[in-house]
Amino acid sequence: MVILGIDPGFATIGFGVINSDKGKVTAIDYGTVTTKKEQNFPQRLLTIEQGIMQLIEKFKPDQIAIEELFFNTNITTGINVAHARGVILLVCERECPGRLYEYTPLQIKQALTGYGRADKIQMMNMVKTFLRLDKIPRPDDAADALAVALCHAQTNRLGGLFKI
C-alpha cells in the first residue's frame, strides 16, 4: 500500500511517500512543496493545490495521512497554515475520496517512539531507523511527513478510527 504523508504548512509543506507491505515499510520519496514570499496569498494557495495534485498524480497513493494542526503562539502563522491545510484537505478528498486520515502530533510521536512528548531529534532518528535510511531525511518538514505516513502504516489496522 502506498501512503502519502503530509505535514501541512504555508511556506513549506512536507511530503513523504512510503510503501507498507505486511509490516515492512520502505521510503519511496520525500521532500517539500514550497510557496514563494513574492506571491500573493491566493497565488500561494494555488501553488499548494497544484503541488499536492502533482504528488497524487505521480504516486497514486492508496491512502493519505495528514497531521492535524497544532500551533503555540503565532496566531497569524496558524491562520495561514489553516488556510493551506484546507486546500490540502480539499485536493486530497477530491482526488482520493474516503482515503484520508489525520493524526495529532501526540499520536504520531506515540506511534513512532512510544512516548507522546518525544523531541524532534528522537522523531527524526526513528524515521531514519524505521525506513532504514543512511541519514535523517531533510528538510525537517519532509521527515515530519514521513513520520505521519509511518504512523498511519502502524495504525491503519484499526480501520476507520482516524479517517476524516
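Which backbone oxygen does the side chain of Thr35 reach? The side chain of Thr35 reaches the backbone oxygen of Phe10, at 2.9 Å; a polar contact here is a pair of N or O atoms within 3.5 Å, where within protein one atom must be able to donate a hydrogen and the other to accept it, and residues adjacent in sequence count only if both atoms are side-chain atoms. The model is predicted, so local features need pLDDT of at least 70 and side-chain atom pairs count only at pLDDT 80 or more, while totals for chains, interfaces and linings use all residues. Residues are numbered from 1 along each chain as its sequence is written, and side-chain values use heavy atoms, with hydrogens and water left out.

**Sheet**

- An open sheet with mixed pairing is formed by five strands in the order E3-E2-E1-E4-E5. Strands (E, at least two residues) and helices (H or I, at least four residues) are DSSP runs, numbered from the N terminus, and two strands pair if DSSP finds at least two bridges between them.
- Strand E3 (24–34) and strand E5 (100–103) are at the edges with a single partner strand each, so one side of each has no neighbour in the sheet.
- On average, neighbouring strands of this sheet are turned by 20 degrees against each other, direction ignored. Axes are lines fitted to C-alpha atoms, for helices over the stretch in contact, and angles run from 0 to 180 degrees between N-to-C directions.
- Strand E1 (residues 2–7) and strand E2 (residues 12–21) run antiparallel and are joined by six bridges. Val2 stands opposite Asn19 in E2, and Leu4 has Val17 as its bridge partner in E2. The hairpin from E1 to E2 passes through four residues.
- Ten bridges pair E2 with E3 in the antiparallel sense, with Gly16 opposite Tyr30 in E3. These two strands form a hairpin with two residues between them, and Lys22 in the turn has a positive phi of about 55 degrees.
- Seven of the ten residues of E2 are buried. Buried means under 20% relative accessible area, exposed over 50%, and partly exposed in between (1.4 Å probe, protein chains only).

**Helices on the sheet**

- Helix H1 (residues 41–59) lies across E1, E2, E3 and strand E4 (63–67), and runs at about 155 degrees to E3.
- Helix H5 (residues 140–155) packs on the sheet and touches E1, E2, E3, E4 and E5; its direction makes about 35 degrees with that of E2. Contact means heavy atoms within 4.5 Å.

**Loop residue Thr35**

- Thr35 lies in the loop between E3 and H1, and is buried with a relative accessible area of 9%.
- Not counting residues up to four places away in sequence, Thr35 touches Phe10, Ala11, Arg44, Thr47 and Ile48.

- Pro105, Ile108, Ala111 and Leu112 are buried in H3. Their directions fall within an arc of 130 degrees seen down the axis of H3, so they line one face of the helix; the arc is that of the directions from the helix axis to the C-beta atoms.
- The cover over the buried residues of H3 includes E4, E5, H4 and H5. Gly114 follows H3 and has a positive phi, near 85 degrees.
- Met123, Met124 and Val127 are buried in helix H4 (residues 120–130). Seen down the axis of H4, the buried residues fall within an arc of 95 degrees, so they line one face of this helix.
- The exposed residues Ile121 and Thr129 are on the face of H4 turned away from its buried side, while the cover over its buried residues includes helix H3 (105–113) and H5.
- The N-terminal end of H4 is capped by Asp119, with a side-chain oxygen 3.2 Å from the backbone nitrogen of Ile121. Just after H4, Arg132 has a positive phi of about 55 degrees.

**Nonpolar cores**

- The largest nonpolar core has 25 residues, and Ile6, Ile48 and Ile52 have the most contacts inside it. Such a core is a set of buried Ala, Val, Leu, Ile, Met, Phe, Trp, Tyr and Cys residues joined through side-chain atoms within 4.5 Å.
- E1, E2, H1, E4 and helix H2 (75–95) each supply at least two residues of this core, and H1 gives the most, with seven residues.
- Ile52 is in contact with Ile6, Ile13, Ile88, Val91 and Cys92, leaving aside its neighbours within four places in sequence.
- Another core, of 20 residues, lies apart from the largest one and has Ile3, Ile18, Leu112 and Ala147 among its residues.
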